[in-house]
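Subject: Structure handover

Hello,

Here is the structure for you to look over. My notes on it follow below.

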Amino acid sequence: MAQQAQISKKRKFVADGVFNAELNEFLSRTLGEDGYAGVEVRVTPIRTEIIIRATRTREVLGEKGRRIRELTSLVQKRFGFPENSVELFAERVENRAACAMAQCESLRFKLLGGLAVRRACYGVVRFIMENGAKGCEVIISGKLRAQRAKAQKFKDGYLISTGEPKKHYISEAVRHVLMRQGVIGIKVKIMMSHDPEGKMGPALQLPDNIIVHEPKEEQPIMMAPQEEYAEDA
């Protein structure tokens, strides 16, 4: 954040949390159509770097970098950064099928475009599973067809919901769709598959993962020739 007077550790953590939440809210509203998928803030002694992750980086940058300069100016004025002390970068998401935020936004625009709820949800689930995810779940609730509100779940594959691996393997996002009949809530959970390189998924193995090795080829045991005893006459 901007240079401030010495503040206590508690206040600093709270201020950083509020800054991150407000920045995330602002960018998700502004760049929702461009596949916004999260933000990372890196503070260096010289400047503050804000890395925007999105599926369509060309739209985020704008024509000749015009849009990113506008966003930089807005962030600088809103949070009181000194001149040239904050810089925004756009980073492309490698696997958008494994990004819950991008899929949530995709589903949101499908529903706003008038696509049937069930068809839109199954389309998203199929796209996620076809692109190498281990499992996924889409929950949609609100006034879907009738006046009475209800919730529907669309689930496929293997999905964990507790423990330490959840922090590494599960990507989760929630969005609200302002439809004519009322607000519809969308929740997307994706379980990524293991990737030893850590690019398309977490490099950390699941703790209960069992690897069954192929059995070794056993050499046939040579039997010693049996001695024959002559029968007594």
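**The second largest pocket**

Eighteen residues line the second largest pocket, and Glu25, Ser28, Arg29, Arg108 and Arg175 lie nearest its centre. A pocket here is an open set of points on a 1 Å grid over the protein atoms alone, where a 1.4 Å probe fits, with protein on both sides within 12 Å along at least five of seven lines; lining residues have an atom within 4 Å of a point. This is a predicted model: local features need pLDDT of at least 70, side-chain atom pairs count only at pLDDT 80 or more, and totals for chains, interfaces and linings use all residues. Residues are numbered from 1 along each chain as its sequence is written, and side-chain values use heavy atoms, with hydrogens and water left out.

The volume of this second largest pocket is about 450 Å³. That volume is the space filled by probe spheres set on the grid points, which are joined across faces, edges and corners. Helix H1 gives the most to the lining, with six residues. H1, helix H4 (100-112) and strand E6 (170-178) each supply at least two. By type, the lining has seven nonpolar, five polar and six charged residues. Ala, Val, Leu, Ile, Met, Phe, Trp, Tyr, Cys and Pro count as nonpolar, Asp, Glu, Lys and Arg as charged, and the others, Gly among them, as polar.

**Helix H4**

Helices (H or I, at least four residues) and strands (E, at least two) are DSSP runs, numbered from the N terminus. H4 has 13 residues and reaches 18 Å from its first C-alpha to its last, close to the 18 Å expected. The expected span is 1.5 Å times one less than the number of residues. Buried residues of H4 include Met101, Cys104, Leu107 and Leu111. Buried means under 20% relative accessible area, exposed over 50%, and partly exposed in between (1.4 Å probe, protein chains only). The buried residues of H4 pack against H1, strand E1 (36-43), helix H5 (117-130), strand E4 (135-142), E6 and strand E7 (183-191). Just after H4, glycine 114 takes a positive phi of about 95°.

**Helix H3**

The 14 residues of H3 (residues 66-79) should span 20 Å, and the end C-alpha atoms are 20 Å apart, which agrees. Which residues of H3 are buried? They are Ile68, Leu71, Thr72, Val75, Gln76 and Phe79. They cover an arc of only 135° around the axis, so they sit on the same side of H3. The arc is that of the directions from the helix axis to the C-beta atoms. Arg66, Arg69 and Lys77 are exposed on the face turned away from the buried side. The cover over the buried residues includes H1 (9-30), strand E2 (48-54), helix H2 (57-61) and strand E3 (86-92). Just after H3, glycine 80 has a positive phi of about 70°.

**Single residues to look at**

Lysine 64 is in the loop between H2 and H3. Its phi is positive, about 55°, although it is not a glycine. It counts as exposed, at 74% relative accessibility.

Asparagine 84 is in the loop between H3 and E3. Its phi is positive, about 60°, although it is not a glycine. It counts as exposed, at 67% relative accessibility.

Glycine 142 lies in strand E4. It is buried, with a relative accessible area of 11%. Not counting residues up to four places away in sequence, glycine 142 touches Arg148, Ala149, Lys150 and Val183. Contact means heavy atoms within 4.5 Å.

Best wishes
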